[in-house]
Amino acid sequence: MRSISLGIRGRVIGLAMVPVAIIGVLLLFQLISGKIDDLDQSLRTRAAAITRQLAPAAEYGVVSGNIAVLQTLLDKAAIEPDIRGVAIFSDTGERLAQVGPGAWTEPAQGTLPADRIHQIEYTDRLVYYAPITRTEVAVDDYDAVDQHITPSGTRTHLLGWVGLDVSRSATFQSQHDAILRSLAILLAGLSVSLFLAWRIGRRIIQPILALTHTVSRIGEGHLDERVTQTGEAELGVLQRGVNHMAAHLQTMQDQMQEKIDQATARLVYQASHDTLTGLINRREFEQRLERLLLSALQQGREHALCYMDLDQFKVINDTCGHAAGDELLRQLALLLKGNLRERDTLARLGGDEFALLLENCSTPDALEVADTFRAEVQRFRFKWEDRIFAVGMSVGMVAINRDSGTAASLLSAADAACYVAKDRGRNQIHVYESRDIDLTRHRGEMQWLTRIQRALEEGRLRLSWQEIRRTDGTVEPMRHVELLLRMVDDDGSEILPMAFIPAAERYSIMPALDSWVIGETWRACQRYLASKCEQQCLFAVNLSGASLKDPAFRRMLLQKLQENPDLGPHLCFEITETAAIGNLAVVNEFIYAMREFGCRFALDDFGSGLSSFTYLKNLKVDYLKIDGAFVRDIGSNAIDCSMVEAIHRIGHQMGLKTVAEYVESDQILAILRHIGVDYVQGNGVHCPEPLENLCGNS
């Protein structure tokens, strides 16, 4: 700001002063130079006139030799202040009379002209010599020494010289005084010009500086700053333009600030709330849980945490779509909020999972509140289009007191309790207790989850094979084997699938296990075909319901068959009855797609479900594998034997081949052969072997 204002002021004043200064200096130099020349010329003229007048006046004194007369003459001539000295010399250079000092060297040398005034110039003085002569009319026509005859006939006789020494100090002093006076006049003129330029410039600069200040303040963010309108014409237009610009910017800033405030409020709300239901989200819920936990630890207060999971949400979401699922969550959020106490907190943690914080609430009271929530959800009916659904809610509860651990451990405990409530039949409330057997089982499953993931990462999964043989002992052209999954433990021991598959199914990592099995099966099948074995082989592979429902898994499997269509006739996929019934449309579509490549299908564990015979006719499978639970005790349990006979008979009526699992003894094999079951499988027929041995045993 300061540099800008000084620059403008300097330019305006400079514009006014520079021409004046240049003209003033030039005039000063001109005046001083003329004045000095005039003074010097005046001194020279006056000195020459005095010298010229003294020469004829001294003629009488020189001729008569009257020194007194000469001295008187010189005293009168020396009255002038700038005459340092005056003297009269004879024609031989002898000094006849003198007034004042003087260095008279020229007359003694005899080199002075006799017909004119001779001037000698020094730095500080001027010296003049004028000849003293006597003129006579020429009578005789002869030349004489020291006589000069003019052409007119007159004769001039040299008598001597008059010397005049004039000081130039007065001229110098006058010169100095003239310079000082001129400088004083110049400075006075410049001062007056500067003052006038400043006054004129101030009238021009002041509005510009005001504009500059206003624009600078506006640039700093002070949009309420305005410039006073004092100018007209272009300056007035500029001032009005700046004010209009500032007003427009202020309006825009106010509008922008309002939008920013609204956006900030939305962001703050969204950061702590779930966008779908309007309930607080997991992040905000965990912060409030931390505060309640701190109050329990420091003040001994008792609170309760409830973890709530909807029981039928997945069915509604899968059958009616995500829009229906979202609407269900919104309606349930409104229903649950209506039963909240003022100091309680309800949150949506994700999916169909909700959490409830009951502040200053004992466990018995919390059970009553949680049961009210559960009952409200149980009575609720969700209508979507022309369908009506009943919804249940399982609740896991944990007390928050001095003995509680961290917030993370509380959430984990409530989650585990909720799983127990689901396992016990759903639509229940389970209170967490550290010695709970069901919770211990749940923690064991969580440990299995970690072990499965680590086994996948470290490559500690293996495949074994077990042959499925004809019950009557007939050897078929194609060997039928089932590939069985095994896990290698940290100590090298082999873990059977029944130990870890339930945990994998519960925590949705079966697609990862099935993908690994498919990859290994592909390589095994290719190696078997490349080995040129005489007997063909049909590889039976188990697929879980979770994998069948996964579109990515199905696409992967179809892509592999499209890339290797010759492997299709050597593959048989085993699907459990439960998985098939739960996803009938998806399973049938998958079966039709795979049959295009020559793949076969087996319905595994048949008889364990309640709707087996109803849905069997809708499944296009090749083999019906009877659940081993019926086969294992067939020799001692007549009901199991009747079940096996019924399943075998219905299977044959539908054109299916029957396979009995868990054949562990010759007695069981004989009973199955009597019933007419087509194939048998179990350790009594063939013990599982490592997959590497398959080609060697062909």
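Visitor: Which element supplies the largest share of the lining of the second largest pocket?

Guide: Strand 14 does, with four residues. The model is a predicted one. A lining can be read element by element: strand 14 (461–470), helix 14 (510–530) and strand 23 (689–690) each give at least two residues to this one.

Visitor: What is the volume of the second largest pocket, and which residues are closest to its centre?

Guide: The volume is about 220 Å³. Of the 15 lining residues, Arg-462, Leu-463, Pro-690, Leu-691 and Glu-692 are the closest to the centre.

Visitor: How does the lining of the second largest pocket divide by class?

Guide: Seven residues are nonpolar, seven are charged and one is polar.

Visitor: Which residues line the largest cavity, and which element gives the largest share?

Guide: The lining consists of Leu-43, Arg-46, Ala-47, Ile-50, Asp-82, Ile-83, Leu-164 and Val-166. Helix 1 gives the largest share, four residues. Helix 1 (2–57) and strand 6 (154–167) each contribute at least two. By class, six of the lining residues are nonpolar, two are charged and none is polar.

Visitor: Let us turn to the surface. Which residues form a nonpolar patch there?

Guide: Val-192, Phe-195, Leu-196 and Trp-198 form one, with about 390 Å² of accessible area together. Phe-195 belongs to helix 5 (residues 169–219).

Visitor: Next, the backbone. What is the phi of Asn-360, and where is this residue placed?

Guide: Phi of Asn-360 is near 50°, a positive value in a residue other than glycine. Asn-360 sits in the loop between strand 9 (353–358) and helix 10 (363–379). With 38% relative accessibility, Asn-360 counts as partly exposed.

Visitor: What is the phi of Asp-605, and in which element does Asp-605 lie?

Guide: Phi is near 55° for Asp-605, again a positive value in a residue other than glycine. Asp-605 lies in strand 19 (residues 600–606). The relative accessible area of Asp-605 is 26%, so this residue is partly exposed.

Definitions and conventions. Residues are numbered from 1 along each chain as its sequence is written. This is a predicted model: local features need pLDDT of at least 70, side-chain atom pairs count only at pLDDT 80 or more; totals for chains, interfaces and linings use all residues. Side-chain values use heavy atoms; hydrogens and water are left out. On a 1 Å grid over the protein atoms alone, a cavity is a set of points where a 1.4 Å probe fits but cannot get out, and a pocket is an open set with protein on both sides within 12 Å along at least five of seven lines; lining residues have an atom within 4 Å of a point. Grid points are joined across faces, edges and corners, and a volume is the space filled by probe spheres set on the points. Ala, Val, Leu, Ile, Met, Phe, Trp, Tyr, Cys and Pro count as nonpolar, Asp, Glu, Lys and Arg as charged, and the others, Gly among them, as polar. Patches are made of residues with over 30% relative accessible area and no salt bridge: like charges are joined within 9 Å, nonpolar side chains (Val, Leu, Ile, Met, Phe, Trp, Tyr) within 5 Å. Accessible areas come from the Shrake-Rupley method with a 1.4 Å probe; for residues, only the protein chains shown count as cover. A salt bridge is a side-chain nitrogen of Lys or Arg within 4 Å of a carboxyl oxygen of Asp or Glu. Buried means under 20% relative accessible area, exposed over 50%, partly exposed in between (1.4 Å probe, protein chains only).
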